[in-house]
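I opened this entry to look up charged pairs and a pocket. My notes follow in the order I took them.

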Amino acid sequence: MSGELLLRHYGLTGTIRVLSSEVECTAEVTLLSGDQLILKTSARPEGRDSFRFQVAALAGLEGASGFAAPHLVRTGAGTRMFEEEEICGYLQTRLSGVPLHQVNATPEVRYRVGQALGRLSLALEPLTLPAMHRPVLWHVGCWPRLMELEEHLQSEPVAASVRLAMGNYVELIKPQLREVAWQVTHNDPSPFNTLLAGQGIAFIDFGDGCWGPRIQDLVVAASHLVTDPSLALGGSENLIAGYASVIPLSTLEAKLLVGLMKARQSALILINYWRAELFPAEAAYIKKNVARAERGLSILSALSVGEADMAVRRAGA
């Protein structure tokens with residue numbers, strides 16, 4: 001079907017390899033010339049709004065500097081995406097690079113990733129996109145209800161840390177989020193969606209993007225880099241510093257950052273244990289970030305509120 005869609009809407013043919021994906025179908029297309037593209041399709045009703053957001057985001061980022069993102073390939077009719085009665089999709093360039101999770105992320109690399117992430121936030125800030133307010137499971141507004149998934153957790157120590165982090169988020173952090181800046185965000189700049197591309201940094205997969213707190217992208221990226229218990233923020237310090245060199249953190253953002261990181265780690269743990277049970281054939285792919293999140297949550301949970309605030313201020317100074 002992907003081959004038929006590719007020919008019908010783009011007049012292209014090539015070798016197609018389906019990649020792992022949780023919701024939409026993602027296929028790598030290798031043209032006869034050797035060039036590679038990514039074809040994304042969805043037969044789900046919610047896929048149309050998601051794709052309309054994604055293509056508008058990629059179009060809005062064209063010409064931005066300081067980072068790389070995929071470029072859209074227009075259909076034969078000149079549209080950003082194709083929409084048939086039961087399926088829709090779009091075609092984009094395939095960026096070459098090494099995912100961050102596959103490299104030795106030195107302090108210098110983490111700093112550069114933070115800088116690129118800040119520049120991505122600046123490029124997204126002025127955009128008003130279709131479906132940016134659509135329901136997204138990973139949106140901070142959904143987090144208060146995620147404890148309903150607690151029964152799927154397999155470790156009581158992890159469950160206890162998750163309960164504490166989510167309780168803190170609901171009671172203390174969420175009420176203050178209205179006071180921070182909001183904008184369109186990528187919402188999932190994980191080490192799987194961040195590439196080292198030559199001397200630059202690239203971001204892919206805008207499928208979870210939405211309207212949210214500006215700091216959310218920093219929260220997500222930093223939460224994945226908490227791995228070293230000998231450091232106050234587990235090794236995310238350099239990424240935070242790089243981001244803050246582009247977009248200085250407000251006093252409130254600095255105060256809320258670690259609590260948001262712990263809540264995001266908890267959300268990842270809850271959602272992925274639940275989804276792994278729903279889709280056992282994809283469990284390994286779905287849970288690829290869970291061990292990192294559990295380790296990161298244990299490291300950050302050792303910090304008091306004052307220690308966390310001071311560590312963030314030192315990183316962003």
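**Pocket lining**

The model is predicted. I began with the lining of the second largest pocket, whose residues divide into 11 nonpolar, 4 polar and 3 charged. The lining consists of 18 residues, and the volume of this pocket is about 300 Å³. I looked up which residues lie nearest the centre of the second largest pocket and found Asn168, Ile173, Lys255, Gly259 and Val305.

Next I asked which elements give two or more residues to this lining. They are helix H4 (156-173), helix H7 (251-278) and helix H10 (305-316). H7 gives the most, with 6 residues.

**Salt bridges**

I counted 16 salt bridges, taking a side-chain nitrogen of Lys or Arg within 4 Å of a carboxyl oxygen of Asp or Glu. I looked at several of them individually.

Glu28 pairs with Arg17, with the closest N and O atoms 3.2 Å apart. I checked the accessibility of both partners. Glu28 counts as buried, at 7% relative accessibility, whereas Arg17 is partly exposed, at a relative accessible area of 46%.

For Arg52 and Glu83, I noted a salt bridge whose closest N and O atoms are 2.7 Å apart. Arg52 belongs to helix H2 (residues 45-61) and Glu83 to strand E5 (residues 82-83), so the pair links parts that are 31 residues apart in sequence. Arg52 is partly exposed, with a relative accessible area of 32%; Glu83 is also partly exposed, with 40%.

I then turned to Asp188, which forms a salt bridge with Arg264, the closest N and O atoms being 3.5 Å apart. Asp188 sits in the loop between strand E8 (182-185) and strand E9 (194-197), and Arg264 is in helix H7, so the pair ties together parts that are 76 residues apart in sequence. Both Asp188 and Arg264 are buried. I also looked for salt bridges that share partners, and these join Arg48, Asp49, Arg52 and Glu83 into one network.

**A buried charge without a salt bridge**

My last entry is on Glu237, in helix H6 (residues 237-246). What is the nearest side chain of opposite charge to Glu237? It is Arg110, 6.3 Å away. Glu237 is buried and has no salt bridge; the cut-off is 4 Å. I did find a polar atom of the Glu237 side chain 2.7 Å from the backbone nitrogen of Leu233.

Key: Residues are numbered from 1 along each chain as its sequence is written. This is a predicted model: local features need pLDDT of at least 70, side-chain atom pairs count only at pLDDT 80 or more; totals for chains, interfaces and linings use all residues. Side-chain values use heavy atoms; hydrogens and water are left out. On a 1 Å grid over the protein atoms alone, a cavity is a set of points where a 1.4 Å probe fits but cannot get out, and a pocket is an open set with protein on both sides within 12 Å along at least five of seven lines; lining residues have an atom within 4 Å of a point. Grid points are joined across faces, edges and corners, and a volume is the space filled by probe spheres set on the points. Helices (H or I, at least four residues) and strands (E, at least two) are DSSP runs, numbered from the N terminus. Ala, Val, Leu, Ile, Met, Phe, Trp, Tyr, Cys and Pro count as nonpolar, Asp, Glu, Lys and Arg as charged, and the others, Gly among them, as polar. Buried means under 20% relative accessible area, exposed over 50%, partly exposed in between (1.4 Å probe, protein chains only). Lys and Arg count as positive and Asp and Glu as negative; His and the chain ends are not counted. A polar contact is a pair of N or O atoms within 3.5 Å; within protein, one must be able to donate a hydrogen and the other to accept it, and residues adjacent in sequence count only if both atoms are side-chain atoms.
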